[in-house]
Amino acid sequence: MWDTYSSGKDTTPRSSIGRTVRIAVFAAVGIVIFLLVSNQAVNLFLNVSEFGSVFTKTVYYSILSGLILAAIALVRVNFVHRHSIVWYSFQVVTNLVGRGERQQKNLSYTEFHMSPLSFGVWQVTKVVLLAPLFGNIVFGMAMEYMADGNDIGLGSIGRIFSIPFTDVPADGSFTTESIIPLVPSLTMVIPPLLAAVGVRLLVYVGVSGAISIVSAYINDVSDRKPRFLSYISTVEIIIGTVIFWAGFTVFFSSAIDYNTRYIIAGALALGAAFIAFGFLDKRRARVIIYPAKKHIYSRFIAVAAVVVVVSSIVFINAGIAEAKKVEWRGPYISQEIAVNRYAAELDDIKIVNYDVKPPSVSPSDIRPIVDENRDTLNNIRLWDQEAATSKLKPELGQRNDIVFADTDILRFDSTMVWTGTTTPKLPDTARGNEWFNGHLVYTHANTGLKMLEADTGNLVDEAKFFEQRRIYYGESGTEGIFSKAWSAYPVGRTSSTEIDGFFYNGTGGVDVSPPLSWVFEPNFMLSYPDTPIHVMRYKDIHDRMELLYPFFAYDFAFGESVTPTFQKVDAFPVTDGTNTYWMMPLIVGLDTSHVPWGPPFMLKLVGYALIDTYNGDVQVIVTGDDKFSEVFYEQYKELGATRDVPAWLEKQIRYPEEMFVWTIAKFNRYHVMDPKTFIEGTKFYDIPQDQSRDVPPYYIVTKPQGFEKSEFVGFQSLELSGSQSKNLVGYMIVQNDLGRLGEMTFYSVPQESPTKLIGPTAAREALEKDREYKNIKTLLQGNPKLGENILYKIGDEEVYFIPVYTASTAGGVVSQIGTIAAVGASVTGNFYVGLGDNPVQAFENYLLKSAGQEPSDQVPPSTGGNVTDIDVQGRIAALEKLFEDAGIQVLRPTAISAPLEFREASVSYKSEDESDAARQSVNDFIGKFAPQGGRVFEWQTDSTVNFGVLQSVDGIVEVHYISVEVG
């Protein structure tokens with residue numbers, strides 16, 4: 001690749017060993033490239049075959065951006081000197097290796113020149129080879145968008161250079177006019193451009209200059225003529241370039257204040273001075289070896305002058321600003337507030353001054369208040385996620401090959417349902433057969449989903465909501481194998497090795513024929529040498545989306561007060577009545593560190609993806625109205641992206657918790673719009689803590705102030721940052737109905753309000769100290785555990801509803817509710833706690849206590865389930881008597897478990913009208929399974945009592961039982 005050198009070049013024939021080294025280098029590079037290409041070729045081919053243009057579009061953006069940025073960073077334009085660091089290094093290595101046969105003096109870096117043709121070819125080669133390292137899909141998308149004739153504000157980017165030198169006003173008007181129009185270009189285009197230019201300066205000024213100095217010094221020392229002034233001149237140019245570039249990048253910094261203009265001016269002046277000194281000294285170095293003292297002094301004086309002047313101005317301004325923060329820092333803080341409010345769309349949040357009323361009700365009004373709010377009271381969310389998951393686990397039965405990946409709160413109209421979605425796992429006993437089981441057997445979750453009502457805890461028949469329940473594409477959770485293994489089956493199979501022998505007939509995956517199937521998985525070369533294999537890859541929905549749409553965010557950190565927890569973006573199941581989909585929010589994180597006064601990043605909700613649980617198809621719905629959403633939609637609408645939300649989705653859609661949390665984090669600080677108050681820091685908010693962890697937002701059906709009817713909303717309470725009282729300053733809600741999706745309202749409690757709104761910790765403490773609760777707690781079975789304390793507005797009353805579970809939710813033990821507490825949240829000094837077996841009774845007792853009345857009689861807490869009604873106990877006793885009359889002993893074990901369970905009958909016995917049918921079913925059960933007497937086992941679940949007998953068949957214990965719903 002190199003042909004000619006300087007006029008003093010060595011024309012001696014190159015040594016054979018040098019040629020051998022070059023050939024070896026080329027061969028090694030070729031082998032590495034071949035291995036890399038062959039390793040990726042199969043997956044690339046399958047991705048193109050399965051996903052088509054959706055996949056190739058991201059590849060195109062990556063290639064386009066990589067070529068542009070690599071060209072900016074790596075292409076040399078100096079065709080006069082035609083230097084190359086790489087090929088100069090090869091030449092030096094070759095000469096060093098060949099010195100055993102022939103001594104050859106190494107050329108200095110400045111004397112090394114490539115031929116024009118080789119130089120041009122090498123520039124293209126560098127860009128092509130290294131373009132993948134510079135790929136930036138968002139940048140490529142923006143370039144394509146602009147190439148189509150669209151504008152993202154890049155033409156106005158020149159304004160950025162005047163911002164540090166502008167005297168900004170005391171309000172945010174400057175940001176609105178000068179900064180916000182630049183945000184699209186400053187987030188999508190400028191960051192990768194600055195990075196590419198930085199790489200260029202590093203390589204062609206820093207590295208190239210260092211190599212030039214070292215090579216020249218080695219040759220000069222061998223000639224005993226070191227030219228120190230020449231080396232110094234190069235160092236001056238490198239230092240000057242670094243300082244100048246640092247000053248230039250400050251224009252694109254988020255930290256701009258009253259001193260920024262002086263720092264920029266000083267850095268540019270100092271950098272230019274060093275560069276000028278370098279070129280001057282380079283000219284003198286032609287005849288002067290050592291620098292003269294006056295030259296050294298002049299440089300030190302110039303540098304010292306700039307540093308002293310700039311430092312003096314900065315320190316003086318800082319001192320003045322320390323005493324006059326509002327006058328000096330106020331205008332810049334106003335811009336910071338404006339930029340961050342724009343980034344988080346805080347101006348769209350409606351703020352309502354909420355006058356909290358103390359509990360004041362007359363006894364005669366209690367019953368009307370309860371009746372008026374009965375709909376809300378009958379829809380209180382009593383079961384939290386942990387308790388719901390625990391209660392659902394037994395519904396998986398005796399299975400060790402399936403687990404819950406996640407449990408989500410769903411709403412169908414006004415009904416809230418906890419839905420546990422399952423994922424396959426390899427049984428611990430399947431060691432040694434992992435490949436077969438992971439790829440050919442446990443291909444999907446055949447159980448699909450399990451559901452229970454969030455208010456009552458009653459199990460729900462999932463078939464009523466989800467017709468399609470087999471999950472081939474889903475979440476992996478912590479134990480699932482979707483993210484670890486692909487699945488496959490031979491095309492044209494007549495038998496199936498999948499779970500329960502199921503034959504997959506969907507459209508997910510791709511057929512792979514031999515010999516490509518052998519390359520994909522060598523085991524297929526021996527097991528299916530001539531049979532095409534249907535392969536299903538990227539079965540974890542997060543992995544699948546990250547492959548197709550890698551520019552969206554799929555991992556989030558939650559928690560600021562304590563160590564944050566990391567989790568995947570939350571996806572939840574929805575249905576159109578026939579098919580089941582995962583609904584995944586599409587959130588993009590844009591780098592705003594180069595936006596003046598901007599945050600490190602900003603999140604934008606672009607829309608949602610609907611991922612078919614059976615076929616893996618992805619439908620993208622764009623709901624965002626920001627610039628990135630517009631760019632994304634314009635580029636992907638031809639591939640099926642739409643702005644039309646299906647009608648069936650309107651009542652299932654939900655605003656993402658990730659966006660809700662991020663917006664609140666910004667609101668906690670930037671709801672303060674007055675610079676003086678912002679500087680004082682007395683009005684910032686925090687998320688309350690309960691049991692040493694941040695209280696997460698929760699989704700409930702409630703009727704906030706100003707609403708005409710109850711709605712499914714997201715709810716987050718807030719407290720004053722650093723306050724010892726831990727009272728709430730208000731709470732934020734976000735609406736989820738499609739017409740108002742994402743609209744937020746903050747209910748602000750006035751600071752001077754005589755009535756305080758207590759936080760969740762205070763509510764829990766009030767319950768723990770309540771005398772009546774202490775008495776009931778001693779009667780509760782097992783280890784009582786308090787559930788989530790959720791704040792509701794019932795009429796004019798703010799009340800925390802806290803369920804008390806009668807068993808720990810750890811270890812998969814089913815939780816039962818022993819009692820329910822209603823704790824008054826609006827207080828003036830006294831705390832009122834009402835207890836009951838349901839929210840209506842608990843709320844009524846709370847009102848009675850606040851009115852100075854005795855609460856209604858409490859039903860003793862359940863010790864074996866939720867069945868506590870006296871009439872219910874009478875019906876159970878009647879059923880038990882049927883067994884006793886047949887000579888059968890009724891036993892009540894602490895727990896019952898058998899490898900196989902068979903429910904032989906299920907009957908309702910809620911009233912005497914159903915008595916005859918229930919008695920007949922029990923007698924039929926006795927006649928079939930216990931005709932000779934013996935014993936029967938009784939256990940209760942919720943409002944159902946079960947009677948079962950154990951039998952051993954071929955050495956396997958089976959339980960056969962009848963279920964009677966009595967409550």
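Helix H7 gives the largest share of the lining of the largest cavity, namely 4 residues, where helices (H or I, at least four residues) and strands (E, at least two) are DSSP runs numbered from the N terminus. The model in view is a predicted one, in which local features need pLDDT of at least 70 and side-chain atom pairs count only at pLDDT 80 or more, while totals for chains, interfaces and linings use all residues. Residues are numbered from 1 along each chain as its sequence is written, and side-chain values use heavy atoms, with hydrogens and water left out.

Rolling a probe the size of a water molecule over the atoms shows where empty space is left. A cavity here is a set of points, on a 1 Å grid over the protein atoms alone, where a 1.4 Å probe fits but cannot get out, and its lining residues have an atom within 4 Å of a point. Grid points are joined across faces, edges and corners, and a volume is the space filled by probe spheres set on the points. By this rule there are 5 cavities of 30 Å³ or more, and the largest of them holds about 70 Å³ of space. Its lining consists of Val-183, Pro-184, Thr-187, Met-188, Tyr-342, Leu-590, Met-602, Lys-604, Asp-626, Lys-627 and Phe-628. The elements that give two or more residues to this lining are helix H7 (183-188), strand E13 (601-612) and helix H20 (627-636). By class, the lining has 7 nonpolar, 1 polar and 3 charged residues, with Ala, Val, Leu, Ile, Met, Phe, Trp, Tyr, Cys and Pro counted as nonpolar, Asp, Glu, Lys and Arg as charged, and the others, Gly among them, as polar.

The second largest cavity, with a volume of about 60 Å³, is lined by Ile-700, Thr-702, Pro-704, Phe-715, Tyr-731, Ile-733, Leu-791, Tyr-792, Lys-793 and Glu-798. Strands E16 (698-702), E18 (727-735) and E22 (790-794) each supply at least two of the lining residues, and E22 gives the most, with 3. One of the lining residues, Ile-700, is found in strand E16 and counts as buried because its relative accessibility is 0%, where buried means under 20% relative accessible area, exposed over 50% and partly exposed in between (1.4 Å probe, protein chains only). Leaving aside residues up to four places away in sequence, Ile-700 touches Arg-381, Met-416, Glu-711, Phe-712, Val-713, Ile-790, Leu-791 and Tyr-792, a contact being heavy atoms within 4.5 Å. The C-alpha atoms of Ile-700 and Gly-714, which are 14 residues apart along the chain, are separated by 6.5 Å.

Rings of Phe, Tyr and Trp (its six-membered ring) pair if their centres lie within 6.5 Å, and planes under 30 degrees apart count as stacked, over 60 as edge-to-face and the rest as tilted. Phe-51 and Tyr-538 form an edge-to-face pair, at 6.3 Å centre to centre and with 65° between the planes. This pair links distant parts of the chain, 487 residues apart, with Phe-51 in helix H1 (residues 16-51) and Tyr-538 in the loop between strand E8 (533-536) and helix H19 (541-548). Phe-51 counts as buried at 12% relative accessibility, whereas Tyr-538, with a relative accessible area of 27%, is partly exposed.

Phe-628, already met in the lining of the largest cavity, also belongs to an aromatic cluster with Tyr-60, Tyr-61, Tyr-549, Phe-551, Phe-552, Phe-632 and Tyr-636. The charged end of Lys-57 sits over the ring of Tyr-636, 5.9 Å from its centre, by a rule that asks for NZ of Lys or CZ of Arg within 6 Å of the ring centre and within 35 degrees of the ring normal.

Some backbone details remain. A cis peptide bond, with omega about 5°, joins Pro-514 and Pro-515, and Pro-515 lies in the loop between strand E7 (510-512) and helix H17 (516-520). Asp-500 has a positive phi of about 50° although it is not a glycine, and this residue, in the loop between E6 and E7, is partly exposed with a relative accessible area of 49%.

Notes:
1 Å grid on protein atoms, 1.4 Å probe; cavity = no way out; pocket = protein on both sides within 12 Å on 5 of 7 lines; lining within 4 Å.
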